Amino acid sequence: MLDAVTATAAELTVEAVSLSFGGHRVLKEVSMDFRPGQVTGLIGPNGAGKTSLFNCLTGLYRPQQGRIALGGQSLERMPPARRARAGLSRSFQHVALCPELDVLENVMFGRARLGRSGWADAFLPLPGGRAERAEARAAAMDVLRRLDLAAFSDVTPAGLPPGTQRLVEIARAIASRPRVLLLDEPAAGLNPAETRQLTAVLRGLVSPELIIVVVEHDMDLIMQLCDRIHVLNFGQRIASGTPAEIRADPEVIRVYLGDSDD
Amino acid sequence: MPEAVSVLAPRATAETPPLPRRLTVWLLLGVLALVPAVAGGFWTYSVGVCMANAVAVLSVGFLLRYGGEVSIGHSFFLAFGAYCTAIVERELGLSVGIGLPVAAAAGAVLGIVFAWPSRALSGIYLAIATMALALSVPELILQLGPIAGGYEGLYVARPLIPGVSVDLQRYYLPLVVLALVVLLLARFRRSRQGLVLLTARDHPRAAEAFGFSRGYARLAAFAISASIASTAGALLAFAASTVSPNSFTLSTAIYLLVGTVVSFGSLGLAGALAGGAFITLVPQLFAAWGDWVPIIYGAALLAVVTLGHRPAEVLAALRARLGGGRRDA
């Protein structure tokens, strides 16, 4: 289901990326990599630049210097819509589901890019378009079942609790068969029970070819969820490693000292 | 069909509309089919024009619903379709049977030609840009010279099917095309492209993240909307048997918007007919009210424009309050 298109799973690499806004440098020569088969966390205190880096990955910001690549393919000049074609998908910090579509249709939208049906199929009951729609419906239902969301398939998102809406967004992202799944503060606004469910769902998504990147404030979530963690502070990477290594890193402890999270 | 505000209401699956709604549609179509048999020539003519205007209302409603944008310029595309049909008849000797498909196809192209340079605009700014289109129409037609017939305009007299009463054809062609457009739009709602446009309307960044740029969404919404408007223009030309520059002024564009408000942005048969009937009959029936008619229209226009960038949601809430969340007829 989640296999990438290519046989050899490629890494997502960030090389010496610098970003500034009107002379204020928010990222200073940041380099890091994100590996397939792993959940990689991106953490740091407020203003550390993790959201800026995330926006460089999704294409909202274009770094002035440096390189972002998936396998051999450079991404840094690519607009967001083309990055989807390259295999990137994402969730939003503020849920961005279409309120008029039901949950199943929102997930079907996730795989709209994979469809081949043309404009004639959109208006006329042609066999090709009908078959494709039935297939899309079945595939979307499949994803919903895997994420335990099948019961909500025919309701609109507005009626669902925030945790469920977040899971529907992740289902939509998964439906697009991504090579890279970028999650922007997935636990924001969730209660502890919802956060636990989210952690379980995300661990269940791990597959040898999928790169999962999580930007998050919630330290408990990051420590439980991630295989590797990159820590940013003042626009620079100060540490990388497993949760245990990060917990023991003196620099990280210094940065987070007094922080209620850890 | 799903409705943002009626989660708890019973609903059918996306593939089959509920039975009562289908019954309403068939009942409406049946009544409309009988009009020429029971009503006189004046009403047959008027209801024919109502149905052509209903298609025009659908074109503005489509842009509002799938593009989230307000147009005050659709009289431009209406005029284009009407003149296409008249010129195809006059220059090539072909009936509306050819003129209408030509108008629909060329209208889509024209929609793209307008949407491309204006793709960065939205909300009130786009509305103003479309208004420029509407303002240009009469002058443009006069500039075309003798081919467009100048102030007097052109006749659309050739019957679609020779040997059958032209008056009946002028009634039944708009009826058939209106029913078809409603059916095609209901199908579009379930299509891949329909899901993309609705998501792009509410969350352009989400649509981008899934491979569909804002430009794609805007061009698609405008092309379809302009094609429907051009089709409506062809129907109007045929139903009214004549086209002239003064039937396509800024007020025409504003009336269309008012018709969309009256239809509550519905893309169903009943809503479109209500909108089409309102803009066709109100000026006739309330001619005695004189100055009040434009004031009523102006107020309705202000209402729809100030609903802001995403009027569809407000309309959905309104519909839910007024009609139990029913949207498509």
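1. In this predicted model, 12 residues of domain 1 of chain A are in contact with 10 residues of domain 2 of chain A; two residues are in contact if their C-beta atoms, placed from the backbone, lie within 7 Å. On the side of domain 1 that touches domain 2, helix α7 (residues 192-205) of chain A gives the most, with 5 residues. That side divides into 9 nonpolar, 2 polar and 1 charged residues. Here Ala, Val, Leu, Ile, Met, Phe, Trp, Tyr, Cys and Pro count as nonpolar, Asp, Glu, Lys and Arg as charged, and the others, Gly among them, as polar.

2. Domain 1 of chain A comprises 1-87 + 178-262, and domain 2 comprises 97-176; the bounds come from an automatic or database domain assignment. The C-alpha centres of the two domains of chain A lie 27 Å apart.

3. Residues are numbered from 1 along each chain as its sequence is written, and chains are lettered from A and ligands numbered from 1 in the order in which they are written. As the model is predicted, local features need pLDDT of at least 70 and side-chain atom pairs count only at pLDDT 80 or more, while totals for chains, interfaces and linings use all residues.

4. Strands β1 (residues 12-21) and β4 (residues 65-70) of chain A pair in the antiparallel sense over 5 bridges, with V14(A) bridged to I68(A) of β4(A). Pairing requires that DSSP finds at least two bridges between the strands; helices (H or I, at least four residues) and strands (E, at least two) are DSSP runs, numbered from the N terminus.

5. β4(A) also pairs in the antiparallel sense with β5 (residues 73-74) of chain A, over 2 bridges, and L70(A) stands opposite Q73(A) of β5(A). Their hairpin has 2 residues between the strands, and G71(A) takes a positive phi near 65° there.

6. In chain B, the axes of α6 (residues 166-190) and α9 (residues 214-240) come within 9 Å and cross at roughly 165°. Axes are lines fitted to C-alpha atoms, for helices over the stretch in contact, and angles run from 0 to 180 degrees between N-to-C directions. α6(B) is therefore roughly antiparallel to α9(B) (angles over 145 degrees). Among the residues making this contact are R170(B) of α6(B) and F238(B) of α9(B).

7. The contact between the chains takes 34 residues from chain A and 26 residues from chain B. The side of chain A that touches chain B has 18 nonpolar, 8 polar and 8 charged residues.

Key:
Angles under 35 degrees count as roughly parallel, over 145 as roughly antiparallel, 65 to 115 as roughly perpendicular and the rest as oblique.
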